[in-house]
Amino acid sequence: LNIMHLIDSKAALLTTSYMLLLQASRRAISPAAAFSTCARPLHNYLSRSTSSSSPVATAVAAPTASIKNSKKTSSLFVSTQPTATSSTNQTSSSSSASSTLFSTMATTSDDASSANEQQQQQQYPIAMSEAERYLFDLNGYIIIRDVLTPDQIAAAHAAIDAHLTDAIPRSDPTLRNAVEGSPMYGSGPPRLDLGGIFEWGSAESEVFKSILAHPRLVPLFHGLLGKGYRLDHIPFVLMNNKGGEGFQLHGGTVDCVSGDYNHNLAYTCHNGSIRSSLLGCNVMLVDHNPGDGGFCVVPGSHKSNFKMPEGMVDGIDHSEYIQQPATKAGDVVLFSEGTVHGAMGWQSDIQRRCALYRFAPATCGYGRSYFSPDGVGSATTTPSSSCTWPLKFYNDLNDAQLAVLEPPYANRLDRPNIREDGSVVITQRSDRKRQHDKEVFKTKYF
């Protein structure tokens, strides 16, 4: 009995030592948090030093991808390496994601992996975290911090400054988006809309095109829209000077004004899988501090079954339920278009600037900008006059970004899908089925 007790004690000691080593290795390769928990540096361009009052989520253990900060995003290579942790101690009951880390870096002439270079790398999750799923399903929107770097923010502002004279004011009464005298109206100056951000050339459009398949956003696009997600509207920049008009509340899976069901903005969650028929993506280029105005939302309204009470869409009544999230330059707000949202009148001395995108699942189409009469076809199909965005959209894009410009059609019909490592794979049926369709329909696709 004494001998057996001694053997059991030694075995327990070895097990304890092994677990301590595992914990140490896990700390050495700690995955990135869903939200940054460190103090964020102040942005030099149009930045304000006031701190955000928004709560910061704790780190979530999730598979990550790392990308080195670079002004060039079209030249990437991918390598993989296994983690040094044991899967038995970090798998959760609700996640089946792989524990492989993907490293994505811009190519350079110097391959030395110094400590300084390693510190400059950013870690990105390769799957939407449990916290992100919960918060989006709860509120109908989520804030992703520090998506753009200070250099990218400065580049975006420089590009906008070079095209300011192209901005179109919404000064015509039929274009005004708020009722005069309401909190949404401001003191009267109209909103300024600036288009063409994908058509300004390589240097000026690069930062705006990077959003199409940004490694920090791709896992969320996949989690909210599914594989094969696509750009649905032409993106543009919204600008407001002090006192500038916002936008009365609108949207809702049940329209907030009429009370009619709006399937074009549908939101569903089934067996843990979220799908939004149309997803807004607001890239903040200046700080939106509490009370500044700008984007506002009614949290949870994507699940509402009734229209809004009278006066609420204008912010006059029940305003305590309308929130203006505090964001910093470089943050991105993702929101279901089924979540009732709008914009408060702009109160800051700094000009409001944000770039607005809309994305949709592979088979959904709300806008029709990809039906261009001067086009040459989609990114991966034969030339056609009926299925393309404006031609300059396609300049200087990598394969992942090109995939997002595809028109709506199902994944099984040769659709390019972005993989977790940033590469692209074509999803398709068997050769025999494709041959049969061609024999029956006399065309490549049914």
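## Overall picture

The chain has 8 helices and 19 strands, taken as DSSP runs (H or I of at least four residues for helices, E of at least two for strands) and numbered from the N terminus. This is a predicted model, where local features need pLDDT of at least 70 and side-chain atom pairs count only at pLDDT 80 or more, while totals for chains, interfaces and linings use all residues. Residues are numbered from 1 along each chain as its sequence is written, and side-chain values use heavy atoms, with hydrogens and water left out.

Of the 446 residues in the chain, 47% are buried; buried is under 20% relative accessible area, exposed is over 50%, and partly exposed lies in between (1.4 Å probe, protein chains only). Take the contacts (heavy atoms within 4.5 Å) between residues at least 6 apart in sequence: 78% of them join residues at least 24 apart. The accessible surface comes to about 22,100 Å², with 55% of that belonging to carbon and sulfur atoms; areas come from the Shrake-Rupley method with a 1.4 Å probe, and for residues only the protein chains shown count as cover.

## The nonpolar cores

A nonpolar core here is a set of buried Ala, Val, Leu, Ile, Met, Phe, Trp, Tyr and Cys residues joined through side-chain atoms within 4.5 Å. The largest one has 53 residues, and Phe208, Leu334, Tyr357 and Phe359 have the most contacts inside it. Helix α6 (residues 218-225) gives the most to this core, with 5 residues. There's also a second, separate core of 13 residues, including Val298, Met308, Met312 and Val313.

If you click on leucine 334, look past its neighbours within four places in sequence: its contacts include Phe136, Tyr141, Ile144, Leu220, Phe221, Leu224 and Cys281.

## Two buried loop residues

Arginine 216 sits in the loop between α5 (202-209) and α6. It counts as buried because its relative accessible area is 6%. Its side chain makes a polar contact with the side chain of glutamate 132 at 2.8 Å. A polar contact is a pair of N or O atoms within 3.5 Å; within protein, one must be able to donate a hydrogen and the other to accept it, and residues adjacent in sequence count only if both atoms are side-chain atoms.

Glycine 188 is in the loop between β6 (168-169) and β7 (192-194). With 18% relative accessibility, glycine 188 counts as buried too. Leaving aside neighbours within four places in sequence, glycine 188 touches Arg176 and Gly243.
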